[in-house]
Amino acid sequence: MTQSPVRTAYARCASYRDRRLLRAAIEQVLAVQIEDFPGGVSGKRIMLKPNLLAWRREEDVACVHPAFLLESARAFLDAGASEVAILENPAVQTAPAIIRSMGIADELAAMNVRVANFEHFEKASLPANARFRNLELAREYLDFDAVCDIAKAKTHGMMTLTLCVKNLFGLVGGSGRMGWHLAVGRDFAMFADMLLDIYLTVRPRFNLLDAVVCMEGNGPGSGAPTPRGFVAGASDALALDASSAPLLGVEDLLLLRSAERRGLLTPFLYAGDVPERNPLLLPDPPGMLTEWGVPLPPFLKDRLRNWIISKPLLDPEKCVGCGLCVKMCPPQSLKLEDGRPVFDLPNCIRCYCCQEHCPKGAIVPKKTLPMRGLERFESCVRFLFGK
Ligand code: SF4
Ligand code: SF4
């Protein structure tokens, strides 16, 4: 049976300031999804899973914007949802603390929207087409009729972009996340497979993408804000990622290649006011050839990987010696010496957790010389033979 295409809906929204326009844009991209949701959302319990990485300053683009979150909650309540709750599991702060720093705690409380951290993690019941068997996920999402995945469009040192599928990694517990980075962090394609397994398990029925102001450059924690002026939504997180990545300048996202290889990509069609392609400035990428697709014996692959793949690099001018990067490093390849982090590069798995969580943007993935050479070679091959 041919699968009918998923409608990925787009609406323009120039800023977060005009709540009325923001709300209209969110409602517009949600309407398609509510239409596709059996029985609508009236009387249903909806869990919002926003990307709340960390809130460190006003208008921090590491998170879904507070106004976007408020208006999304309001849209579900106005559509008749009996309960809306916000659950997330930020790595450093708690979800309620971030919501308080954002200044929206009172407004959410007045709307009866509960905010909580995921607390209960258990071995998930995985679908037959999952690659991994031992995923522990927050169990709270099972108490709701539907999950709404609310992602921020950001660049990402390891996965190039973080959109809706990557946002679901927040359902993995803190120590579990470290464990996954250790277990599959050396192989980005396996990491992508693990993200796809989470997507297959949770299957959020509603998905929203905050691309009003995106993050580019040193994402996902310390990149620069860059306006793109749109909101997007679809009932399938993967279809939404596949539809929005090219608009942000990434035609060849590893996550999507993995999904295609596994036969998970659903056809989609663009609906609404689709923005022009406007590429984000990407971080120095891990590279395509380094995540190989080239059959090499594992011992050689590991050695070459360490030699070639982008290294985390410290900008001592920006570093304040807080030690958070040391705490967040899964294989403990970082230590603080004289108030500055020092990398043990042979043991570094290039997961860029240090870069992701540094509150000062003092760590960047830096392309190596061999990587630059390989990328030139890769461009020539692509030019000559296509994808
Ligand atoms: S690099 Fe960043 S996270 Fe690490 S000690 Fe310096 S400021 Fe803190
Ligand atoms: S030093 Fe950074 S990139 Fe290397 S393993 Fe630790 S957190 Fe990951």
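**View 1. Packing of helix H3 in the predicted model.** The buried residues of H3 pack against helix H2 (66-78), helix H4 (105-110) and strand S4 (114-117); contact here requires C-beta atoms, placed from the backbone, within 7 Å. Helices (H or I, at least four residues) and strands (E, at least two) are DSSP runs numbered from the N terminus. Within H3 (residues 95-102), Ile98, Ile99 and Met102 are buried. A buried residue has 20 or more other C-beta atoms within 10 Å of its own, an exposed one 12 or fewer, and a partly exposed one a count in between, with C-beta atoms placed from the backbone. Seen down the axis of H3, the buried residues fall within an arc of 100°, so they line one face of the helix; the arc is taken over the directions from the helix axis to the C-beta atoms. Gly103 follows H3 and has a positive phi, near 80°.

The model is predicted: local features need pLDDT of at least 70 and side-chain atom pairs count only at pLDDT 80 or more, while totals for chains, interfaces and linings use all residues. Residues are numbered from 1 along each chain as its sequence is written, and chains are lettered from A and ligands numbered from 1 in the order in which they are written.

**View 2. The largest nonpolar core.** This core has 115 residues, and those with the most contacts inside it are Val29, Val165, Leu195, Tyr199, Leu209 and Val231. A nonpolar core is a set of buried Ala, Val, Leu, Ile, Met, Phe, Trp, Tyr and Cys residues joined through C-beta atoms within 7 Å. H7 gives the most to the core, with ten residues. Domain 1 (6-272) and domain 2 (289-385) both give residues to this core, so it lies between them. Leaving aside residues up to four places away in sequence, Tyr199 touches Val165, Leu168, Ala237 and Leu238.

**View 3. Contact between the two domains.** The bounds of domain 1 (6-272) and domain 2 (289-385) come from an automatic or database domain assignment. Their centres, taken over C-alpha atoms, are 26 Å apart. The contact takes 18 residues from domain 1 and 18 residues from domain 2. On the side of domain 1 that touches domain 2, helix H6 (174-184) and helix H7 (188-202) are the elements giving two or more residues. H6 gives the most to that side, with three residues.

View 4. Of the 14 residues around ligand 2, Cys329, Cys348, Cys351, Cys353 and Cys354 come nearest; a residue counts as near if its C-beta atom, placed from the backbone, lies within 6 Å.

Terms used. Two residues are in contact if their C-beta atoms, placed from the backbone, lie within 7 Å.
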